[in-house]
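This report describes the overall fold of a protein chain and then turns to selected residues.

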Amino acid sequence: MTMYLIDNNALGALGDRKKSAFFRGHCRVPAEVAHESRRAKHAKLLEPLTIEVTPAVLGLLADVMKTVPVGHTKFIDLYNYKGTADPILVATAIVLSTEDLFADTWVIVTQDKEVSAKAKEFSIDTMTTKELADVIDAATAAP
């Protein structure tokens with residue numbers, strides 16, 4: 001089954017699709033993304049869809065961060081509080097995609113080009129918010 005790991009920048013654009021059964025069944029957010037969204041109208045919707053950071057994710061987080069050149073601030077900029085969830089998003093997708101032989105296919109949904117590029121480095125697929133919106137619309141359309 002294909003599952004979707006949603007970046008914070010994609011959540012707002014999905015609008016009421018976040019209330020759909022498809023979203024509840026196929027979409028998840030890392031805890032750090034949920035934390036970034038804690039003041040948004042949709043924060044309560046994310047609670048049952050939140051994936052906590054595990055030791056495995058922390059281990060992969062170190063591997064993801066090793067690929068970020070010193071001084072590079074487009075993927076993550078801790079001094080300006082930008083992209084703090086992005087490495088966790090990628091690490092979570094890697095762990096979820098590799099946790100067992102029959103693991104679901106995980107796709108990161110983001111509008112962030114840096115996240116997409118980093119995900120590709122680790123062979124994780126990405127899609128835009130519009131692409132996920134089209135998937136949700138097709139899945140929820142009346143036959």
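The protein chain contains 8 helices and 5 strands (DSSP runs, H or I of at least four residues for helices and E of at least two for strands, numbered from the N terminus). Their order along the sequence is β-α-α-β-α-α-β-α-α-β-α-β-α. The model is predicted: local features need pLDDT of at least 70 and side-chain atom pairs pLDDT 80 or more, while totals for chains, interfaces and linings use all residues. Residues are numbered from 1 along each chain as its sequence is written, and side-chain values use heavy atoms, without hydrogens and water.

Values for the whole chain are tabulated below.

| Property | Value |
|---|---|
| C-alpha span along the principal axes | about 50 × 35 × 25 Å |
| Residues counted as buried | 42% of 143 residues |

Buried means under 20% relative accessible area, exposed over 50%, and partly exposed in between (1.4 Å probe, protein chains only).

The structure holds 1 aromatic pair (ring centres of Phe, Tyr or the six-membered ring of Trp within 6.5 Å; planes under 30 degrees apart are stacked, over 60 edge-to-face, the rest tilted). Tyr 4 and Phe 22 form this tilted pair, at 6.1 Å centre to centre and 45° between the planes. Tyr 4 belongs to strand 1 (residues 2–6) and Phe 22 to helix 2 (residues 21–26), so the pair ties together parts 18 residues apart in sequence. Both Tyr 4 and Phe 22 are buried.

Pro 48, by contrast, is exposed, with a relative accessible area of 65%. Pro 48 lies in the loop between helix 4 (43–46) and strand 3 (50–51).
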